[in-house]
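Here's a quick walk through the ligand site and the space around it. Have the 3D view open as you read.

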Amino acid sequence: MNAFATGVGRAHAALFGWLALMAIVAPASALGDVSGLSKMDFGKTKDGQAVELYTLKNGKITVKIATYGATVVSIEAPDKNGHVDDVTLGFDSLEGYLGEHPYFGATVGRVANRIAKGKFTLDGKDYSLAINNPPNTLHGGVKGFNRVVWKAEPVQSPAGPSVRMTYVSPDGQEGYPGKMTTSVTFTVTANDELRIEYKATTDKATPINLSNHTYFNLGGGSSDSSILDHELTLAASHYTPVDDTLIPTGAIAPVVGTPVDFTKATSIGARIAAMTGDPGGYDHNFALDSKTGALAFGARVYDPKTGRVLEMTTTEPGVQFYSGNFLDGTNVGKKGRVYKKHHGLCLEAQHFPDSIHHANFPNAVLKPGETYTQTTVYKFSTR
Ligand code: GLA
């Protein structure tokens with residue numbers, strides 16, 4: 001009896017040992033290997049490419065990411081009473097993402113933000129890009145990284161469920177030089193964070209600026225109100241003023257004494273009337289105070305109604321704070337919500353817009369042999 005029991009014990013020990021070893025060394029080739037991760041079909045693009053939707057669940061938050069545009073489709077987070085709701089703008093199905101929309105949740109590249117007049121010179125060669133935001137190029141052109149299907153693979157990460165999306169942008173795509181290989185890894189940690197890690201390499205020098213364009217409304221899906229009551233803090237004592245086509249003038253100006261001073265928590269609506277012009281509101285790149293390139297606090301948003309807090313940390317030198325000024329009710333999103341002006345805000349971690357034309361801005365050219373990296377973390381909590 002004893003011997004039998006011991007034999008079973010040994011068999012169990014051997015089995016557990018083997019399973020433990022598998023957990024450490026096995027590539028996360030099967031979804032079952034990654035706890036908190038699941039996948040479903042999200043439909044097909046117009047040219048028949050299959051799109052997948054990944055769900056990453058950890059701590060108190062659940063994040064859905066589509067392989068079309070490496071797009072953050074939803075982030076569900078609790079409010080101060082524990083009521084869970086989606087705090088992002090977007091659509092219930094792939095159909096919406098395939099249609100016209102202002103980059104809801106998308107990964108933007110190869111160059112997020114604007115390049116003046118869609119022209120630049122690099123290594124003595126002139127390049128012309130599509131003018132998709134006259135008179136400039138915006139967010140990588142007509143078919144940017146937000147409009148392609150990424151290849152996804154689940155990743156076994158100690159931090160939590162994780163999916164890596166990869167896209168190879170051919171030489172000359174959208175007018176940019178060099179074949180650029182990009183990966184974006186999304187991880188949801190036990191600390192209620194969505195961590196986004198970017199990597200890219202190229203075979204010719206190319207401008208690069210990768211970002212994520214999620215629109216947040218901490219009021220959640222049930223609220224159809226604007227984000228003007230949200231309080232914003234930015235770790236930025238400087239910003240890059242723009243001309244009336246939203247191209248930086250080249251100055252890196254102090255925010256003190258201006259309506260773009262968010263160094264202390266201030267409601268977004270408090271001074272927005274001073275942001276005149278068409279369409280008015282905030283759409284500015286802030287030069288973050290941390291200059292180390294290490295992960296540092298960039299922004300905090302607090303919604304007094306629901307108590308939700310969103311904190312962004314990043315390795316990037318800048319963040320575009322965009323108060324959803326171009327939302328005009330034409331996009332009908334999740335659960336039939338009509339997205340009107342200021343119904344969402346973006347915190348796009350980035351290099352400065354139009355860096356290719358400003359030698360005084362941090363370098364945004366990637367060369368062969370170099371690896372571009374970026375980490376940006378969005379953390380959710382309540383108070
Ligand atoms: C960025 C830009 C805005 C606008 C949106 C998309 O945030 O800075 O001007 O183009 O993308 O509508």
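Predicted model: local features only at pLDDT ≥ 70, side-chain atom pairs only at ≥ 80, totals over all residues.

First, some ground rules: on a 1 Å grid over the protein atoms alone, a pocket is an open set of points with protein on both sides within 12 Å along at least five of seven lines, and lining residues have an atom within 4 Å of a point. Numbering starts from 1 along each chain as its sequence is written, and side-chain values use heavy atoms, with hydrogens and water left out.

The pocket has 26 lining residues, and His101, Pro102, Tyr103, Asn133 and Leu138 lie nearest its centre. Domain 1 (8-209) and domain 2 (231-357) both give residues to this lining, so the pocket lies between them.

Now for the ligand itself: 13 residues surround it, with Arg114, His139, His213, Asp283 and Glu348 the closest (a residue counts if one of its heavy atoms lies within 4 Å). Here are some polar contacts, meaning pairs of N or O atoms within 3.5 Å:

| Side chain | Distance to a ligand oxygen atom |
|---|---|
| Arg114 | 2.6 Å |
| His139 | 2.9 Å |
| His213 | 2.8 Å |

The protein covers 95% of the 300 Å² of accessible area that the ligand has on its own (Shrake-Rupley method, 1.4 Å probe).

Methods
Polar contact = N/O pair within 3.5 Å; in protein donor to acceptor, adjacent residues only side chain to side chain. 1 Å grid on protein atoms, 1.4 Å probe; cavity = no way out; pocket = protein on both sides within 12 Å on 5 of 7 lines; lining within 4 Å. Domains from an automatic or database assignment.
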